[in-house]
Amino acid sequence: MKSNSMKKLSLLLVVMLIISLFPITTYASEGTFTKVTYGSRYYKVYVPSTYDGVTEVPLMVMLHGGLQDPDKFAAGTKMNLLAEEKNFIVIYPDQPDTANSSKCWNWFETAHQHRGSGEPALIVGMINEVKLNYNINDDMVYAAGLSAGGAMSVVLAATYPDVIHGIGVGAGLEYIAATSMMGAFTAMSSGGPNPNTQGVLAYNEMAKSIASLMPVIVFQGTSDYTVNIQNGHQIISQWAQTNDLTDDGEDNNSIDDTADVVQNKSVEGGRTYTRYAYEDAAGNILMEKYLVDGMGHAWSGGSSAGNYTDGTGPDATSIIWSFLTGEIIEEPEDPEDPGDPGDPTVIVAYGTATEHYVAGRLDVSGYLAMGTKYGYIAKFNLYQLEGTNVWTDIY
C-alpha cells in the first residue's frame, strides 16, 4: 500500500515538473492565450487561430494599469477578440506587486525612463522574444496602455522608437511627467511639467536611436478624478513638440497641438465625446485625442469582464487599432450624432491665456476672465465657429 502511494506521489511530482517547464496555454476565441515565464516575470501572448507562421503579422503590446493583470486587461479591453478578427498577435507584460505594490508600471522613476535600463528594457526584451518565436512585422509593433500602462507606453515610444511605431494612451501622462512617487501624484491630479520642455526631452531620448514621427492617440474621460484631464492635453502637446523636432530637426511648428479636425460624436445609447485630429506637415493625421464626456478612470468601450472599463464610451480598442494601422473600422454612431458632416466647422486653438491674447483670440477683458478661470500658466482650448470672429471656451 505504501509502495503504491509512493508511486502516485512520484508520478505527481513528475507531472508538476513537466508543467513548470512548459508554458501554460488557454484557449480564447479559437486562438491561444499562453503564459510565458520571462526571468522572474511573465507575460501572456495571444496568437489568433488565423496565424500561419508564414505571413508577417503586427504585434500589439498591451500594458495594464494599477490593480490589473494580463487576464483582467485582456478581458476588459477585448483586444484578443479584435486580434482574432484582424490576425495580429498581442502580448501582455505583467507588472508584479513585488515591483510596485499597486502593480503599476514605475513610469515616474528615473530608473525606468530611459533606453537600456529598467522596465522599458524589460518590456522590449519580451517583445524581442516574441519576435524570435513568431513572424512579426517589425514596422507594425505598437503599444497601448491604461493609466500607469498608458504612461509607460509614452516612455516606450520615447526610449525605443526603433521598436515601437505608434502608441495608444488611455488616461496616461506625458514623458517624464514626474521623477518621484510624490511627483507622480501631483502630476496625476493637476498635470506634469511644461509639455514643450518634456517634448524636447523625449526628442533627445529618441535621438539615441533611429527615430521617425510617432503616431499617438489619446483617450481621456472628462470626469477622471484619478488622472486629471490636463494630462490628456499634455500628452498631445508633448508629442506635438517631439514630432515637430523629429520632422525636420527644427522647432518651427511644422507639427503643432492645434487640432485640424474637431468632431462632436456620440455612441448610440451611450456617451457623447469629442474627437480631435492633428496633422503632420504633409496633411496626414499623426495624432488624435478623444475626450469622453462623463467618463471616469476607465478603458473606453471596454467590457465589464475586466476592471476599470466603461462600456458606454467609444470603442477604444477598435479605434486605436484603426488609427495605428490605417485600417478603416466603421464606428457605430447615433443617427442624430451632432458630428455629422453637415454641421458647421469649429476651429480649435490650445494655449495659455497669454498665448490666446497675443494671437488675438482674446481681448483684454477676455484675457483677464480666462486668466482668472484657468490661471495664466495652464493651457486650455478656445473654439471659434468658422465664419465668425468669436472665440469661446465653451463648445
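Is Asn253 buried or exposed? Asn253 counts as exposed, at 52% relative accessibility. Buried means under 20% relative accessible area, exposed means over 50%, and partly exposed lies in between (1.4 Å probe, protein chains only).

## About the model

This is a predicted model: local features need pLDDT of at least 70, side-chain atom pairs count only at pLDDT 80 or more, and totals for chains, interfaces and linings use all residues. Residues are numbered from 1 along each chain as its sequence is written, and side-chain values use heavy atoms, with hydrogens and water left out.

Helices (H or I, at least four residues) and strands (E, at least two) are DSSP runs, numbered from the N terminus.

## Two loop residues

Asn253 sits in the loop between helix 8 and strand 9 (261-266). Its phi is positive, about 60°, although Asn253 is not a glycine. Most residues other than glycine have a negative phi.

Lys78 also has a positive phi of about 60° and is not a glycine. Lys78 lies in the loop between helix 2 (70-77) and helix 3 (79-86). Lys78 counts as partly exposed, at 32% relative accessibility.

## Helix 5 against helix 8

Two packed helices are described by the angle between their axes and the distance between the axes. Axes are lines fitted to C-alpha atoms, for helices over the stretch in contact, and angles run from 0 to 180 degrees between N-to-C directions. The axes of helix 5 (residues 148-159) and helix 8 (residues 229-248) come within 13 Å and cross at roughly 5°. That makes helix 5 roughly parallel to helix 8; angles under 35 degrees count as roughly parallel, over 145 as roughly antiparallel, 65 to 115 as roughly perpendicular and the rest as oblique.

Which residues meet? From helix 5 come Val154, Ala157 and Ala158, and from helix 8 come Ile235, Gln238 and Trp239. Contact means heavy atoms within 4.5 Å. The residues of this contact divide into 5 nonpolar, 1 polar and no charged. Here Ala, Val, Leu, Ile, Met, Phe, Trp, Tyr, Cys and Pro count as nonpolar, Asp, Glu, Lys and Arg as charged, and the others, Gly among them, as polar.

## The nonpolar core

A nonpolar core is a set of buried Ala, Val, Leu, Ile, Met, Phe, Trp, Tyr and Cys residues joined through side-chain atoms within 4.5 Å. The largest one has 93 residues, and Met60, Trp107 and Trp239 touch the most other members. Helix 5 gives the most to this core, with 8 residues.

Not counting residues up to four places away in sequence, Trp239 touches Val154, Ala157, Ala158, Ile167, Met206, Met214, Val216 and Met287.

## Strand 11 and its partners

Strand 11 (residues 285-292) has 7 of its 8 residues buried, so it is largely enclosed by the rest of the structure. Two strands pair if DSSP finds at least two bridges between them. Strand 11 pairs with strand 8 (residues 216-221) in the parallel sense over 6 bridges. There, Gln220 has Leu291 as its bridge partner.

Strand 11 also pairs with strand 10 (residues 272-279), in the antiparallel sense over 7 bridges. Tyr276 is bridged to Lys289. Strands 10 and 11 form a hairpin with 5 residues between them. In the turn, Gly283 has a positive phi of about 90°.

## Helix 9

In helix 9 (residues 316-325), 9 of the 10 residues are buried, so it is largely enclosed by the rest of the structure. Among the buried residues are Trp321 and Phe323. Gly326 follows helix 9, with a positive phi near 80°.
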